[in-house]
Amino acid sequence: MKINGKSYRTIWLNDDGWSVEIIDQTRLPHEFVTARLTTIEEAAVAIKTMQVRGAPLIGATAAYGLCLALREDASDEAMDAAIDHLNAQRPTAVNLRWALGEMRKSVQNLPREERVAAAYARAAQLCDGDVETCRMIGVHGLKLIEDIAAKKAPGEPVNVLTHCNAGWIACVDWGTATSPVYQAHDKGIAVHVWVDETRPRNQGASLTAFELGSHGIPHTIIVDNAGGHLMQHGRVDLVIVGTDRVTATGDVCNKIGTYLKALAANDTGVPFYVALPHSTIDWTIEDGFSIPIEERSSDEVLKMPGRLPDGTIVTVEIAAPGSGAGNPAFDVTPARLVTGLITERGICEASREGLKSLYPENA
Ligand code: MRU
């Protein structure tokens with residue numbers, strides 16, 4: 001992705017060859033600021049506080065977090081403790097566990113003195129792999145957009161609705177849900193994106209809109225409750241969302257509110273697709289309702305950050321004093337409401353058979 005004409009990934013190694021640079025997402029869209037991670041604790045805090053977020057990027061940050069931990073102590077005990085600590089930062093996105101599992105496999109049988117170099121090499125591979133995976137998700141998802149565009153008048157945009165941020169900023173590059181959109185736009189197909197604001201953290205308004213705008217993609221931010229109405233009036237051609245965990249049977253866990261979009265899409269006959277890399281499939285879980293759902297601070301619901309006209313960034317209270325708030329961060333969309341899964345290997349039905357057809361080695 002290009003920001004102000006400069007190409008960026010969301011995570012990269014500093015010129016010193018060991019510390020890690022990230023884009024601090026808590027400052028977007030008001031400020032584009034990078035942050036340097038030098039210890040496992042800084043990586044853990046970045047994941048917990050959502051300086052980095054989005055399933056694939058959480059995994060990539062954890063991988064580098066383990067590298068930072070091994071620099072300090074490459075013993076088995078320290079490695080186990082570091083993996084447990086990183087894993088504990090966010091419970092829902094399975095990419096965190098997956099990336100740490102990959103990292104463990106690549107270093108555990110090596111002598112201590114070889115572990116750090118091997119870990120950095122594997123973390124870099126995981127990041128490069130994520131970029132290529134997301135690019136391929138776009139290649140497959142593009143066909144859906146092309147098919148819809150072919151039925152429209154020349155230049156009439158394909159209207160895609162998305163929830164949360166499953167874009168470049170949530171991955172290492174390209175994004176999952178946004179990759180087909182970027183590829184359609186780059187091919188000259190007219191696309192327009194309805195961006196759910198995604199309360200309470202506003203990933204849609206703050207992040208998806210920011211990255212779509214940076215790439216020149218026409219988009220409109222809508223409140224989370226508007227999608228059903230737009231679908232009823234034929235103003236949404238296709239929904240594409242990301243996911244934090246897909247079960248072996250195709251149930252989809254994603255940002256809170258995704259389920260309601262799937263219900264509305266089902267009722268109105270709008271295709272509802274979920275874009276995901278292989279690292280988001282949890283082959284150990286059959287039933288979406290056994291996925292742990294992160295409960296976040298009530299402050300995220302009761303308070304809202306924003307920018308004043310003089311540029312100062314402030315947080316204001318938006319609720320009646322004394323009221324409490326619940327904040328489940330994810331929900332589960334049953335496979336029966338999902339039209340299809342867009343993966344790096346192609347598009348399949350959201351079912352055990354569908355996933356098995358694309359990933360026979362795992363199923
Ligand atoms: O709480 P977040 O912002 O980490 O949640 C992110 C999402 O729900 C994304 O849609 C999901 O991780 C897919 S990212 C490609």
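Colleague: Which residues of H6 are buried?

Modeller: This is a predicted model, in which local features need pLDDT of at least 70 and side-chain atom pairs count only at pLDDT 80 or more, while totals for chains, interfaces and linings use all residues. Residues are numbered from 1 along each chain as its sequence is written, and side-chain values use heavy atoms, with hydrogens and water left out. Helix H6 spans residues 179-186 and is mostly covered, where helices are DSSP runs (H or I, at least four residues) and strands likewise (E, at least two), numbered from the N terminus. With buried meaning under 20% relative accessible area (1.4 Å probe, protein chains only), the buried residues of H6 are Ser179, Pro180, Val181, Tyr182, Gln183 and Ala184.

Colleague: Which elements do the buried residues of H6 pack against?

Modeller: Contact here means heavy atoms within 4.5 Å. The buried residues of H6 pack against H5, strand S6 (158-162), strand S7 (191-196), helix H7 (203-214) and strand S9 (238-241).

Colleague: Which residues touch the most other members of the largest nonpolar core?

Modeller: A nonpolar core is a set of buried Ala, Val, Leu, Ile, Met, Phe, Trp, Tyr and Cys residues joined through side-chain atoms within 4.5 Å. The largest has 42 residues, and those touching the most other members are Ile11, Tyr64, Leu66, Leu86 and Met103.

Colleague: Which element gives the most to this core?

Modeller: The elements that give two or more residues to this core include strand S4 (20-23), helix H2 (55-72) and helix H5 (112-150). The one that gives the most, with 12 residues, is H2.

Colleague: How many residues does the other core hold?

Modeller: This core lies apart from the largest one, and its residues include Ile145, Val181, Ile189 and Ile342. The number of residues in this other core is 32.

Colleague: What distance separates the centres of domain 1 and domain 2?

Modeller: The bounds, from an automatic or database domain assignment, are 2-129 for domain 1 and 141-362 for domain 2. Across them, 32 residues of domain 1 are in contact with 35 residues of domain 2, and the centres, taken over C-alpha atoms, are separated by 24 Å.

Note on methods. Buried < 20%, exposed > 50% of the residue type's maximum accessible area, 1.4 Å probe, protein only.
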